[in-house]
Amino acid sequence: APIILWFRRDLRLSDHPALTAAAESGRPVIPLFIHDNLVEQMGAAPKWRLGLGLEAFTASLANMGSRLIFRRGDALEQVQQVMAETGATSVFWSRAYDPASIERDKTIKSVLTKEGVTAKSFAGHLLFEPWTVATKTGNPFRVYTPMWRAVQGRDVQFPNARVADLQAPVSWPASDKLSDWQMGDAMNRGAAVVRPHVKPGEQAALDHLEAFLGRLSHYSSNRDRLDQDGTSNLSEYLSLGEIGPRTVWHMVQRAALTGTPGADAYLRQLVWREFAYHLMYHTPQLVASNWKPEWDSFPWNTDPDHPEVTAWQQARTGIPVVDAGLRQMYVTGRMHNRARMIVASYLTKHLMTHWKIGMKWFEDCLIDWDPACNAMGWQWVAGSGPDASPFFRIFNPKTQAEKFDPDGNYTHRWIAEGYSEPSKTALSYFDAVPRSWGLRPDAEYPKPIVELPEGRTRALRAYESRKSH
Ligand code: FAD
C-alpha cells in the first residue's frame, strides 16, 4: 500500500529523512501538499514565495516521474480522503515546531493512529531536535552562548543522499491546479518587481551555498556591512526547506577542514536559528506575547494605523538607513540582518511601537519569513525577549550607517529622492508600492517623522518610569 508524503516546509529531495524512509520502504509514494488554514493565514510575500517553491518542487518531482498532489481544505480530512482514494496506509511528514502546527499535527497523528494508520513524523528541519539540547540541570536554554557551546562539539547527522527514484502509485489521486490557488494574490505590490530578485528551488539553494563557500573566508569581516554581499542569503531556502540545515552545516565544516576561515562565525549564526526554534518549542509565547511579561506594562503604541507606523511601513520615516532597509525588503523580499536590527530598533524605541506590529509587517513582506527567527529577532531588539539586547541600548541609525555603510552605497542603492542620479533599484521601489501610497521618486526626501535625539529621550524616559513603578 502507498505511503503519503505530506510536504510542508521541506521542499527538497536531498537531506530529507522522511522522504528517504518512504523511498527505501519499496512502497509507492504519493507526494502531497495541503493548502490548509495555516497556509491560508500566511503573509503575502511568504505565501507568494511558497507558491514559487511549490512550482519548482513540482518540476523536480516530475523529473523522476513523480507528482505533487495539491489539495485544499482541512489537513486531516484531505489526508483521509487521499487515503481513501489510493488505499494508502501510512503518512510521513517532517516535523514543524510552531505552536499552531504542533497542535494540528498532534491531533492528526492521534486520530490517524486510532484508525490504524501509521502516522510518522521525522526530523530534518533542524540540526538538533529542541528536546535533545538541554542545560547541565536538564532545562531548556534561555541564553544563546551556553547553547552554542553545548552544541559545538555534537555530531550533526550526515545528510541523507538525494532521493533519485520514487515508486509511483497504481493510480494518482485527484489534484488541484497550483495556479488556481493564486498564491500571489495578496501581493498588493508589484510581484513583477520582486520576481527577478528570487530564484526558487532546491538547485538554486545549492548554487547559493556553493557560491557562498567562495566568500566564506570574508564572512566575519563582511557580514555586518550593509553595502556588501557578505552573507549566504540562504534564509529563504532554509525557511521553506529547499535546503536542509545539515547540508549547510557539513559543507561549511568541510570548508573549515581545508582551512577556510569564517566557518565558526557562520555556524554560530546558523545555530541562532536553532536557538530560535529551541525557544519557540519550549516557550511558545515567543511568537505571541512579551517573553518577559514585565514588558506588558510598557506604554507601547499598539495602534497599527498610527501615522508613524504607516510612515515606517511605507519607508518614509526621513531616516535614510531606516527607509533604505524597509525599501530593500519591499522590493526584494529580503533585508540585511543589520538593517533588520536598525529598523526594528527605530520602530520599537524611537517610535515606541509594539514589536508585534513590526513582526506582522515583516511577516507580510519577507520571502524568508520564519515564525521562530522573526519573533526572536523582534523580541531581541525590543528587549522583551530572552537573552535580549537591553532596551536602553538604543541603536543610533546615523552612527550605524556610518559604521556599516561608510560610503553610503547601501543608502544610494535604496533611496532615490535627493539624488541627481538615483539608482535603478531605488527607482524600482516606486514601481513596487501601491499607487494609493502616492509616493514619487522626484519628491523631496521626507523630514524625520521623529528626530533621533527626541525619540531616544522619549523612549528612555518611558523605560525609566516603568522601572520605577
Ligand atoms: P547568514 O548571515 O548567511 O546566516 C546563515 C543562516 O543563519 C541564515 O540563513 C539564518 O537561517 C541563520 N541566522 C543568521 N542570523 C540569524 C539570526 N539573527 N537569528 C536567527 N537565525 C539567524 N531570519 C529569517 O530567516 N526569517 C525571519 O523572518 C527573520 N526575521 C528577523 C527579524 C528581525 C527583527 C531580526 C533582527 C532578524 C530576523 N531574522 C530572520 C534573522 C536574520 O536577519 C536572517 O536570518 C538573515 O538576515 C538571513 O540572511 P542570510 O541567510 O544571508 O544570513
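1. Two strands are said to pair if DSSP finds at least two bridges between them, and helices (H or I, at least four residues) and strands (E, at least two) are DSSP runs numbered from the N terminus. The model is predicted, with local features needing pLDDT of at least 70 and side-chain atom pairs counting only at pLDDT 80 or more, while totals for chains, interfaces and linings use all residues. Residues are numbered from 1 along each chain as its sequence is written.

2. In this model an open sheet of 5 strands runs in the order β3-β2-β1-β4-β5, with parallel pairing. Its edge strands, which pair on one side only, are β3 (69–72) and β5 (118–122). From one strand to the next the twist averages 30 degrees.

3. Strand β4 (residues 90–94) pairs with β5 in the parallel sense over 5 bridges, and V91 has A119 of β5 as its bridge partner. Helix α4 (residues 75–86) packs on the sheet, touching β1 (3–7), β2 (29–35), β3 and β4, where contact means C-beta atoms, placed from the backbone, within 7 Å. The direction of α4 makes about 150 degrees with that of β2, with axes fitted to C-alpha atoms, for helices over the stretch in contact, and angles running from 0 to 180 degrees between N-to-C directions.

4. Turning to the ligand, 27 residues surround it, the closest being T231, S232, S235, N374 and G377; a residue qualifies if its C-beta atom, placed from the backbone, lies within 6 Å. Helices α10 (235–240), α12 (263–282), α15 (337–350) and α17 (371–382) each supply at least two residues of this shell.

Conventions: Contact = placed C-beta atoms within 7 Å.
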